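Work through the exercises below with the structure open. Each task is followed by a stepwise solution.

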Amino acid sequence: MKKSFLSIICLLIATNIQAQLSEKPIVYQVGAYKIYMLTENQSNGNAGILIDVPQEILEKYIPDGTFPNAVHAVLITKNDEVWLVDTGFGRNIFKQMEVVGIMPENVNHVILTHLHGDHIGGMLRDKKPAFPSADITLSEKEYDYWISETEMLKLPENNRGNFKLAQNVLQVYGAKVKRQDPISIGEKFSDGIHILDAYGHTPGHVMCLIKDKTNELLIWGDLTHAMAIQMPHPEIAVTYDNDPNLARESRLKVLKYVSENEIPIAGMHVPFSGIGTVKKDKNSNGYIFEKFSIH
Ligand SMILES: [Zn+2]
């Protein structure tokens, strides 16, 4: 009896996760900008990706060695203009875009926080641009890293797949790729959509700030990969970080800024809904994340 009750609960949870994936995406408003959190998938991350994490921290925050994770992309609209920040693996995001009536050819601008496979996986369809009308923005540093043969050859041959995917995407979009010098957090921002540096996870990793008068949202890309650990202990880096020390420095700077200025955030690996606010934890050096759940 107990067992079947548990099975029903598990089934309900599984059904709920599926529903969240195929339903209308979460919508959030930043002044005149409409923000859709597209959810590519939800899964559990593994403690193995955390670098030098003390046993007592693991036991306190993730006793079973796993933590909730997700892959998101963010769709932004203002009147008839459409932006897409990252493209996930390019699976469920297309279904969710269809639900809100936006087709890939309606996207005017794609902003790439960085060129890892879980962010550029949706860029190509049948080897052609999945977003034929869009220009593509990324940082100058990110572009330089991924097109560098020298950097690629530093890796063993069986580990060069991401370089080949990134180079392929850049080549297929050709002249539509716009390299930008990001601005830095703390600078004065005008209304609009800006890219901000948050280097470390990759050499040219950027965030995306949307501002309309007093309304702001920071889409921080891959500033975190394990919220359950990196909010109470933002000093802990992950093996995915290209430069863990620089990634930590960026994370600490951004967390301080968004908590002091009360700027809501969205993250590509922040568990569903992927969007919320960060507050300083008065009793520690860490932070507390409160997610939004607006439909
Ligand atoms: Zn990622």
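Two strands count as paired if DSSP finds at least two bridges between them. The model is predicted.

**Exercise 1. What is the strand order in the open sheet of 6 strands, and why is one side of β10 and of β15 left without a neighbour?**

Step 1. Read the order: β10-β11-β12-β13-β14-β15, with mixed pairing.
Step 2. Look at the edges. β10 (192-197) and β15 (287-291) each have a single partner strand, so one side of each has no neighbour in the sheet.
Step 3. Follow the pairing towards β15. β13 and β14 are antiparallel, with 2 bridges. Here isoleucine 265 faces glycine 276 of β14.
Step 4. Go on to the next pair. β14 and β15 are also antiparallel, with 5 bridges. Glycine 276 stands opposite lysine 291 in β15. A hairpin of 6 residues joins β14 to β15.
Step 5. α9 (residues 244-261) lies across β12, β13, β14 and β15. Its angle to β14 is about 95°.

**Exercise 2. Describe the open sheet of 7 strands: what is its order, and which strands are at the edges?**

Step 1. Trace the order: β1-β2-β3-β4-β5-β8-β9, again an open sheet with mixed pairing.
Step 2. Name the edges: β1 (26-30) and β9 (177-180) pair on one side only.
Step 3. Take the twist: the average is 25° from one strand to the next.
Step 4. Inspect the β1 end. β1 pairs with β2 (residues 33-46) in the antiparallel sense, over 5 bridges. Valine 30 sits opposite tyrosine 33 of β2.

**Exercise 3. Why do the buried residues of α7 line one face of the helix?**

Step 1. Check the length. α7 (residues 161-173) has 13 residues and spans 19 Å from first to last C-alpha, close to the expected 18 Å.
Step 2. List the buried residues: Phe163, Ala166, Val169 and Leu170. The cut-off for buried is 20 or more other C-beta atoms within 10 Å.
Step 3. Look down the axis. The buried residues of α7 fall within an arc of 130°, so they line one face.
Step 4. Turn to the face away from the buried side. Gly161, Lys164 and Gln171 are exposed there.
Step 5. Identify the cover. The buried residues of α7 are covered by elements including α4, β6, α5, α6 and β9.
Step 6. Leave the helix. Glycine 174 follows α7 and has a positive phi, near 45°.

**Exercise 4. Which residues have the most contacts inside the largest nonpolar core, and which residues does cysteine 208 touch?**

Step 1. Size the core: the largest one has 74 residues.
Step 2. Name those with the most contacts inside it: Val74, Val85, Met207, Cys208 and Ile219.
Step 3. Assign the largest share: β3 supplies 7 residues of this core.
Step 4. Zoom in on cysteine 208. Leaving out residues up to four places away in sequence, cysteine 208 touches Val85, Ile111, Thr113, Ile193, Ile195 and Ile219.

Terms used: Residues numbered from 1 in each chain as written. Predicted model: local features only at pLDDT ≥ 70, side-chain atom pairs only at ≥ 80, totals over all residues. Helix = DSSP H or I, 4+ residues; strand = E, 2+ residues; numbered from the N terminus. Contact = placed C-beta atoms within 7 Å. Axes fitted to C-alpha atoms, helices over the stretch in contact; angles between N-to-C directions. Expected span 1.5 Å × (residues − 1). Buried ≥ 20, exposed ≤ 12 C-beta atoms within 10 Å, placed from the backbone. Arc of directions from axis to C-beta. Core = buried A, V, L, I, M, F, W, Y, C linked by C-beta atoms within 7 Å.
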